[in-house]
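Here's a quick tour of the charged pairs in this model, plus a strand and a few residues around it. Have the coordinates open as you read.

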Amino acid sequence: MTVEDISRSKPDPEIFLKASMEMGFSPKECLVVEDSTNGVRAAGAAGMACIGLRNQNSGNQNHDGADAVVDSLRQVTPALLLSLGLRLKPRHGLETV
């Protein structure tokens, strides 16, 4: 999914909703990992779980509204997902616990 595939940019949820639809997942089955304020807002507007990623290369972004915030992708573990009430499903989507 690229900017050419959408007509509205974040914080509009269009990019996330289109991507989930093309992959055959409902928004509730998706997890967004975002390093930007507008990305966190877009994930929330799409009805998707969101983990904010602090990224020194993205400046001082506001991750308010994210379900969790991490400093590294290594911190996105099954235990973190479970703490958010999520778990992986066999077809690699998410479901609430």
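A salt bridge here means a side-chain nitrogen of Lys or Arg within 4 Å of a carboxyl oxygen of Asp or Glu. This is a predicted model, in which local features need pLDDT of at least 70 and side-chain atom pairs count only at pLDDT 80 or more, while totals for chains, interfaces and linings use all residues. Residues are numbered from 1 along each chain as its sequence is written, and side-chain values use heavy atoms, with hydrogens and water left out.

**Salt bridges**

Side chains of opposite charge can pair when their charged atoms come close. By the cut-off above, the model has three salt bridges:

| Pair | N to O distance |
|---|---|
| Asp12 and Arg8 | 2.9 Å |
| Glu34 and Lys10 | 2.6 Å |
| Arg54 and Asp71 | 2.8 Å |

What does the Arg54 and Asp71 pair tie together? Helices (H or I, at least four residues) and strands (E, at least two) are DSSP runs, numbered from the N terminus. Arg54 sits in the loop between strand E2 (49-53) and strand E3 (68-70), and Asp71 in the loop between E3 and helix H3 (78-83), so this bridge links parts that are 17 residues apart in sequence.

For accessibility, buried means under 20% relative accessible area, exposed over 50%, and partly exposed in between (1.4 Å probe, protein chains only). Arg54 counts as partly exposed because its relative accessibility is 44%. In the Asp12 and Arg8 pair, both ends are partly exposed: Asp12 has 22% relative accessibility and Arg8 has 44%.

The Glu34 and Lys10 bridge has one buried end, since Glu34 has a relative accessible area of 6%.

**Around strand E1**

Glu34 also belongs to a strand. E1 has a covered face made of Val32 and Glu34, and an uncovered one made of Leu31 and Val33. In a regular strand the side chains alternate between the two faces of the sheet.

How is E1 joined to E2? Two strands pair if DSSP finds at least two bridges between them; E1 and E2 run parallel and share four. Together with helix H2 (residues 37-46), the two strands make a right-handed β-α-β unit. Right-handed means that, with the strands pointing away from the viewer, the path from the first strand over the helix to the second runs clockwise.

The loop between E1 and H2 holds Ser36, which is buried at 19% relative accessible area. The side chains of Ser36 and Glu34 make a polar contact of 3.0 Å. A polar contact is a pair of N or O atoms within 3.5 Å; within protein, one must be able to donate a hydrogen and the other to accept it, and residues adjacent in sequence count only if both atoms are side-chain atoms. Leaving out residues up to four places away in sequence, Ser36 touches Gln61 and His63 (contact being heavy atoms within 4.5 Å).

**Cysteines**

How many disulfides turn up? A search of the whole structure finds zero, a disulfide being a pair of cysteine sulfur atoms within 2.5 Å. For Cys30, the nearest cysteine sulfur is that of Cys50, 12 Å away. Cys30 is buried at 9% relative accessibility, and Cys50 is buried at 1%.
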